[in-house]
Amino acid sequence: MDVIFGNLDLWGTAIQNTLIVFVGGGVFALILGIIIGAMRVSPVPIARGVGMVYVNIIRNTPLTLVFFFFVLGYPALGLPRLSPMVLGIIAIGIYTATYVAEVLRAGINTVPVGQAEAARAIGLPFGQVMTLVVLPQAFRSVVPPMMSVFIALLKNTTIAAGFSVSELAALRATVNDSAGRPGSPMEVLLLVALVFVVLVLLLSAVQHRLEKKWRIVR
């Protein structure tokens, strides 16, 4: 336990940064994923094409390469300077948005076509049809797969450790015991794994609560 109580500041910072990357990346992915998902079912061919190209390119690119582009390639473009934390959030958000979009698209396909047609028949534009009629029902039907996406996002935050973000996966190289000696790598990794298990269990509890609240009566 020395590796914990002797390094509470490091553990606190690591857990905080992990949650920042997770929440920031999750919000970014959800917003972008909703936009891309709507484009994937849009009646406009160009919008559908752009959405399909985005999903197929980003989803089939390893997340590590996406991180490499933002952390190493972004500064070379001469764009405004951003911290590794912000770049990590953008990278993981852009990557996860593809999965959010595909889960939402599957949920949208479960909504009876007649409801969207009825909404258009009373004069609602496509944006209002999606936000007022289709998406609320789609979200209710995709709670389990959507939470699986966010659980995967939580675990993917460990990749940020290789790009100067001091989150949980980076603790192995920085944690010392109470005598100032490096902590056992195996001990640190097991404790980090335990923290992730707890966080995933919390997300699973949120999932069960949402499923119970938004249960669809068949």
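In the predicted model, residues 53-76 form a span that is 88% helix and 0% strand, with end C-alpha atoms 25 Å apart. Here helices (H or I, at least four residues) and strands (E, at least two) are DSSP runs, numbered from the N terminus. Residues 82-101 are 90% helix and 0% strand, and the C-alpha atoms at their ends lie 26 Å apart. Both spans come from an unreviewed UniProt entry, which lists residues 20-41, 53-76, 82-101 and 188-206 as "transmembrane region"; such annotations may be inferred rather than shown by experiment, feature names are shortened, and positions follow the numbering used here. Residues are numbered from 1 along each chain as its sequence is written, and side-chain values use heavy atoms, leaving out hydrogens and water. Because the model is predicted, local features need pLDDT of at least 70 and side-chain atom pairs count only at pLDDT 80 or more, while totals for chains, interfaces and linings use all residues.

Helix packing comes next. Two packed helices are described by the angle between their axes and the distance between the axes. Axes are lines fitted to C-alpha atoms, for helices over the stretch in contact, and angles run from 0 to 180 degrees between N-to-C directions. The axes of helix H3 (residues 45-59) and H5 come within 9 Å and cross at roughly 125 degrees, which means that H3 is oblique to H5. Angles under 35 degrees count as roughly parallel, over 145 as roughly antiparallel, 65 to 115 as roughly perpendicular and the rest as oblique. Tyr54, Val55, Ile58 and Arg59 of H3 meet residues of H5 including Tyr95, Thr98 and Glu102, where contact means heavy atoms within 4.5 Å.

The whole structure holds three salt bridges, each a side-chain nitrogen of Lys or Arg within 4 Å of a carboxyl oxygen of Asp or Glu.

H5 meets H7 as well: their axes come within 8 Å and cross at roughly 105 degrees, so H5 is roughly perpendicular to H7. Among the residues in contact are Leu104 and Ile108 of H5 and Val134 and Phe139 of H7. The contact divides into seven nonpolar, three polar and no charged residues.

Val134 of H7 also touches helix H6, in a contact that includes Ala116 and Ala119 of H6. The axes of H6 (residues 113-121) and H7 (residues 126-141) come within 10 Å and cross at roughly 165 degrees, so H6 is roughly antiparallel to H7.

Terms used. Ala, Val, Leu, Ile, Met, Phe, Trp, Tyr, Cys and Pro count as nonpolar, Asp, Glu, Lys and Arg as charged, and the others, Gly among them, as polar.
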